[in-house]
Amino acid sequence: MDKIYVTGGTPLNGTITISGSKNAALPLMATSLLTADTITLSNVPHIADISTMAHLLLQHGTNLLIDASGGNGGHLGGVIQLTSDNINNIEAPYDLVRKMRASVLVLGPLLARFGKARVSLPGGCAIGTRPIDMHLKALTELGAVIELTEGYIDAHVPGGKLTGTDIHFGKISVGATENALMAATLATGTTTIHNAAKEPEITDLANCLVSMGANIDGIGTHTLTINGVESLHGTHYKVICDRIEAGTFMMAAAATRGTLTLEEVDLDVMTATIELLKDIGVHISTPADNTLKVDAHNATLSPKNVSTEAYPGFATDLQAQYMALMLTIDGSCIIEETIFENRFMHVAELSRMGADILIEGYKATVHGGKPLKNAELMATDLRASVCLVIAALAAQGDSVINRMYHIDRGYERIEEKLAKCGAKIRRAR
């Protein structure tokens, strides 16, 4: 099992190209089940979660052609061609779904096109229970009949065709919005999704569906109106940048008091992170289109309270990284987690590095400015793992981070990107 070895204390300096978004690419891959034509996706990151979704689609019968080089001999921005003209299996088995909760996103497309699906329940999650009841409620309202049997979602559509309806989500859910949106594109009549998530990844999915022939109004808002069509066609579509990866490297630059230039960034989706880091004293500029320069060299930084929120607020997926940054700054702040109920598991590992953090319910009080110590650490989930990398980069001495398969789920060759910017970091077994 791979480990990452980090010798901390060196500021990051250099340029990093931001990969395509994992959270956007996964539902985009699922759209291939909505049509018999070929979907070609570019700027797809080469990470474990993409491989898991690819294996899931393969077992359904989708034909995949993958060029991880992006067709130009490079290393970033892979291209995937997906053709689902011969789907011979409507079951998503437990062995694949348990590896990644986003696997449940095949449910809506399978029901919309084939009128039936059998998908394993994804089970629990390290950062909370994250139930899928909102997914099932929305699909039921569209006309699906759903039974939970032996750990599986058994669903079918009487008559074979979903019917448009009004869907009201009691709270914002990215995954439920994605499943309902994809399902509604092939439903008879009009569907309106109220209190829809409006994360950039939702907008990316909607734009891709429109390029496939879907009729969707309200893109980028909390109300989506979908006029169902008879069929969708193929498309070529570029995945948006990974705003969480970009934010992670911004936090790493600030924590090490370095200077990083980030390329291939959609600045419009980075507003909350940019404003937060400016507020604490990081110098941020935009020297070119789709380019961010993050400069914390000689900067005087101050701690700032923050609460995670649905987009366009501060992302829960950056909470752990921000905590690592706050540990490097003199003073105290409160970090409130409002999205997931168990997303402070990285605190125990940070405490092993000498961090002073008090957890009370959904709030963490961080007392920063004390030198972080090197330690052997254990990653517990995707964002926790990269939080530990940032803390190790800011600490003095040699640290080891175990269970790095977590980080491979969402970050494309992170150690290579950091090493190019001066980090003393390597991967080994």
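In this predicted model, Met-378 has Asn-402 of strand 23 as its bridge partner. Strand 22 and strand 23, the latter covering residues 397–402, are joined by 3 bridges and run parallel.

These two strands belong to an open sheet of 4 strands, arranged in the order 22-23-1-24 and with mixed pairing. Strand 22 (376–378) and strand 24 (424–428) are the edge strands, each of which pairs on one side only. From one strand to the next, the twist averages 20°.

**A residue in a loop**

Thr-308 is found in the loop between strand 18 (306–307) and helix 10 (319–326). Leaving aside residues up to four places away in sequence, Thr-308 touches Phe-314, Ala-315, Thr-316, Gln-319, Glu-336, Glu-337, Thr-338 and Ile-339.

**Spaces in the model**

The model contains 1 cavity of 30 Å³ or more. The space in the largest cavity is about 40 Å³. Which residues line the largest cavity? They are Thr-248, Phe-249, Ala-252, Val-386, Val-389, Ile-390, Leu-393, Ile-414 and Leu-418. Helix 8 (243–255), helix 12 (382–394) and helix 14 (414–419) are the elements that give two or more residues to this lining. Helix 12 supplies the largest share of the lining, with 4 residues.

The second largest pocket is a separate topic. Its volume is about 300 Å³. The lining of this pocket comprises 16 residues, and those nearest its centre are Ala-255, Thr-256, Arg-257, Thr-328 and Ala-394.

The table sets out the volume and the lining by class for both spaces.

| Space | Volume | Lining by class |
|---|---|---|
| Largest cavity | about 40 Å³ | 8 nonpolar, 1 polar and no charged residues |
| Second largest pocket | about 300 Å³ | 8 nonpolar, 6 polar and 2 charged residues |

Arg-257, one of the residues nearest the centre of the second largest pocket, belongs to the charged class because Arg is counted as charged.

How values were computed:
Residues are numbered from 1 along each chain as its sequence is written. This is a predicted model: local features need pLDDT of at least 70, side-chain atom pairs count only at pLDDT 80 or more; totals for chains, interfaces and linings use all residues. Side-chain values use heavy atoms; hydrogens and water are left out. Two strands pair if DSSP finds at least two bridges between them. Axes are lines fitted to C-alpha atoms, for helices over the stretch in contact, and angles run from 0 to 180 degrees between N-to-C directions. Contact means heavy atoms within 4.5 Å. On a 1 Å grid over the protein atoms alone, a cavity is a set of points where a 1.4 Å probe fits but cannot get out, and a pocket is an open set with protein on both sides within 12 Å along at least five of seven lines; lining residues have an atom within 4 Å of a point. Grid points are joined across faces, edges and corners, and a volume is the space filled by probe spheres set on the points.
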